[in-house]
Amino acid sequence: MSAVFNFQSLLTVVLLLICTCAYLRSLFPSIMDRNKVGVMGTFWKCARIGERKSPWVAACCLIMAFSILFLT
């Protein structure tokens, strides 16, 4: 089943996108900061969410990991 039709998979993909963008921005800040519009702007926004809401994103990642490992 595709991640588009399964809500849990969609949430997992979104969380991984946020975490990956925040990590890549910490490694290469100039690449993310110069592209704030278009498709690359989406990655920049995900990186900002990952940086500013990091305790909440981390908690969501832990809950999602617990859900995938033990409830599915």
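Which helix is S67 found in? Hold on to that one for a moment, everyone, and we will get to it once we have our bearings.

Hello, and thanks for coming. What we have on screen is a predicted model. Let me begin with the overall layout. The protein chain has 4 helices and 0 strands, and reading along the sequence gives the pattern α-α-α-α. If you draw a box around the C-alpha atoms along the principal axes, it comes to roughly 40 × 25 × 15 Å. The chain has 72 residues, and 21% of them count as buried. As for how the chain meets itself, take the contacts with a separation of 6 or more: 56% of those involve residues 24 or more positions apart.

There is also an annotation to mention. The UniProt record, an unreviewed entry, gives "transmembrane region" for residues 6–24 and 54–71. How do those two spans look in the model? Residues 6–24 are 95% helix and 0% strand, with the end C-alpha atoms 27 Å apart. Residues 54–71 are 100% helix and 0% strand, and there the end C-alpha atoms lie 24 Å apart.

Now back to my opening question. S67 sits in helix α4. Is S67 buried or exposed? With a relative accessible area of 17%, S67 is buried, because the cut-off for buried is under 20%. Its side chain is joined to that of Q8 by a polar contact of 3.1 Å. Setting aside residues up to four places away in sequence, S67 touches Q8 and T72.

S9 belongs to helix α1 and counts as partly exposed, at 25% relative accessibility. S9 and I68 are 59 residues apart along the chain, yet a separation of 9.5 Å is what we find between their C-alpha atoms.

As for accessibility, F66 is partly exposed at 46%, while F70 is exposed at 61%.

Next, the inside of the model. The largest nonpolar core has 9 residues: L15, I18, C21, M32, W44, C46, A47, V57 and M64. Which elements give two or more residues to this core? They are α1 (7–27), α3 (38–52) and α4 (54–71).

At 11% relative accessibility, C46 counts as buried. Leaving out neighbours within four places in sequence, C46 is in contact with L17, I18 and C21.

How many does the structure hold? The number is 0. For C46, the nearest cysteine sulfur belongs to C21 and is 4.9 Å away; a disulfide needs the two sulfurs within 2.5 Å, so C46 is in none. C60 is in no disulfide either, and there the nearest cysteine sulfur is that of C61, 7.1 Å away. C60 counts as partly exposed, with 37% relative accessibility.

My last stop is a charged residue, R25. Where is R25? Its place is in helix α1. R25 is buried, with a relative accessible area of 14%. What does its side chain make a polar contact with? The partner is the side chain of D33, at 2.8 Å. Beyond residues up to four places away in sequence, R25 touches M32, D33, W44, A47, R48 and E51.

Conventions: Residues are numbered from 1 along each chain as its sequence is written. This is a predicted model: local features need pLDDT of at least 70, side-chain atom pairs count only at pLDDT 80 or more; totals for chains, interfaces and linings use all residues. Side-chain values use heavy atoms; hydrogens and water are left out. A nonpolar core is a set of buried Ala, Val, Leu, Ile, Met, Phe, Trp, Tyr and Cys residues joined through side-chain atoms within 4.5 Å. Buried means under 20% relative accessible area, exposed over 50%, partly exposed in between (1.4 Å probe, protein chains only). Contact means heavy atoms within 4.5 Å. A polar contact is a pair of N or O atoms within 3.5 Å; within protein, one must be able to donate a hydrogen and the other to accept it, and residues adjacent in sequence count only if both atoms are side-chain atoms. UniProt positions are given in the numbering used here, feature names are shortened, and annotations may be inferred rather than shown by experiment.
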